[in-house]
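These are my notebook entries on a structure that I looked up feature by feature. The conventions come after the opening entry.

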Number of protein chains: 2
Amino acid sequence: MPNNSPPPAPPLDGIFQALADPTRRAVIQRLTAGPATVSELAGPFEMALPSFLQHLKVLEDSGMVSSTKKGRVRTCEIDIQNLSAAGGWIDHQRAIWESRLGRLDNYLNEIQSTEND
Amino acid sequence: MPNNSPPPAPPLDGIFQALADPTRRAVIQRLTAGPATVSELAGPFEMALPSFLQHLKVLEDSGMVSSTKKGRVRTCEIDIQNLSAAGGWIDHQRAIWESRLGRLDNYLNEIQSTEND
DNA sequence: ATTAAACTTAGGCAATCACCTAATTAATGC
DNA sequence: GCATTAATTAGGTGATTGCCTAAGTTTAAT
């Protein structure tokens, strides 16, 4: 039986993809203030509920939101870890970029003082 | 007619969208080490050059990469500001989430000490 | 003056995305 | 039991994405 499953896309793909939409970012933003039901989350948006639910599914698939259903009400909450992972990736790139700038600065200072000999 | 998002798409859309692809993240990663030409950047990837160039265009449109052409060679470099903006958004969400946790913690401590009266 | 190198443009194709409406299911309230 | 509420499923549309090949264009090297 050949392995027909697509290679497991690293979680960053899904996380950044999820963050690339203003509706979804607004949901994340709302959830940082605490859990909310689907209706509460959907309230502010003009779009039809099924459309909104697709956004919610993208967020859940990305691991940034989890939800549980009680009776007929689904309550969502944020899971900060995956969002943090994305933040971590960005921080890492910035750190590398800055360390390069630091070395460049050092170098420029050095040739300048050499010139001044 | 999809995506009824607020007319002037905020730059975060494009930035996160650009980061949602492993090829493009790898390019960003490479550019944190310093400028590079299109061929140098494309080298590690299997895809055809025009395909790669589309990725580069997405990165440029997002504002995270800029480039200049000299003779027949285009040299790209990272512009860290827009990447930082994305990092800033994430940091902000985390901060709000954590401050809420802090308040929740306070509250739980308070009712506990009240119980212990 | 040719040829080669480094992109660039044009066009095409399948898959995914972001929306929609309509119909359904599963609790709750009366 | 029957209507209402909350969410879900099914299915459809047009736009965008991510890849491709083929055919330019603009330098640079010989």
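**Entry 1: a helix over the sheet of chain A**

Across which strands of chain A does H4(A) lie, and at about what angle does it run to S2(A)? I found H4(A) lying across S2 and S3 of chain A, at about 115° to S2(A). Axes here are lines fitted to C-alpha atoms, for helices over the stretch in contact, and angles run from 0 to 180 degrees between N-to-C directions. Two residues are in contact if their C-beta atoms, placed from the backbone, lie within 7 Å. Helices (H or I, at least four residues) and strands (E, at least two) are DSSP runs, numbered from the N terminus.

**Entry 2: conventions**

I note that this is a predicted model, in which local features need pLDDT of at least 70, side-chain atom pairs count only at pLDDT 80 or more, and totals for chains, interfaces and linings use all residues. Residues are numbered from 1 along each chain as its sequence is written, while chains are lettered from A and ligands numbered from 1 in the order in which they are written.

**Entry 3: chain A**

I recorded five helices and three strands in chain A, in the order α-α-β-α-α-β-β-α from the N terminus on. Of its 117 residues, 24% count as buried; a residue is buried if 20 or more other C-beta atoms lie within 10 Å of its own, exposed if 12 or fewer, and partly exposed in between, with C-beta atoms placed from the backbone. For contacts in chain A between residues at least 6 apart in sequence, I noted that 58% join residues at least 24 apart.

The strands of chain A form an open sheet in the order S1-S3-S2, with antiparallel pairing. Two strands pair if DSSP finds at least two bridges between them. The edges are strand S1 (36–37) and strand S2 (65–70) of chain A, each of which pairs on one side only. S1(A) and S3(A) run antiparallel and are joined by two bridges; A:Thr37 has A:Thr75 in S3(A) as its bridge partner. Helix H2 (residues 22–32) of chain A lies across S1, S2 and S3 of that chain, at about 85° to S3(A).

**Entry 4: chain B**

I then turned to the sheet of chain B, an open one of three strands in the order S1-S3-S2, with antiparallel pairing. Six bridges link S2(B) and S3(B) in the antiparallel sense, and B:Lys69 has B:Arg74 in S3(B) as its bridge partner. H4(B) lies across S2 and S3 of chain B, at about 115° to S2(B).

Is B:Leu41 buried or exposed? B:Leu41 is buried, because 25 other C-beta atoms lie within 10 Å. I located this residue in helix H3 of chain B. Leaving aside neighbours within four places in sequence, B:Leu41 is in contact with B:Val27, B:Arg30, B:Ala36 and B:Cys76. B:Cys76 is 35 residues away from B:Leu41 along the chain, yet their C-alpha atoms are separated by 8.7 Å.

**Entry 5: the two chains together**

I laid chain B on chain A with an RMSD of 0.1 Å, by a turn of 180° and a shift of 0.0 Å along the axis. That is the relation of a two-fold axis. The same surface serves both copies, since 90% of the contact residues of chain B recur in chain A. Superposition was by least squares on the C-alpha atoms of residues with pLDDT of at least 70 in both copies.

In the interface, 30 residues of chain B are in contact with 28 residues of chain A. On the side of chain B that touches chain A, helix H1 (11–19), helix H2 (22–32) and helix H5 (80–115) of chain B each supply at least two residues. The largest share, 12 residues, comes from H5(B). That side divides into 16 nonpolar, nine polar and five charged residues. Ala, Val, Leu, Ile, Met, Phe, Trp, Tyr, Cys and Pro count as nonpolar, Asp, Glu, Lys and Arg as charged, and the others, Gly among them, as polar.

**Entry 6: the DNA strands**

Around DNA strand C I found 24 residues, of which A:Ser51, A:Gly71, B:Val38, B:Ser39 and B:Pro50 come nearest. A residue is near a molecule or strand if its C-beta atom, placed from the backbone, lies within 6 Å of it. H4(A) gives the largest share of the surface near DNA strand C, four residues.

DNA strand D is surrounded by 23 residues, the closest being A:Ser39, A:Pro50, B:Met47, B:Ser51 and B:Gly71. H4(B) gives the most to the surface near DNA strand D, with five residues.
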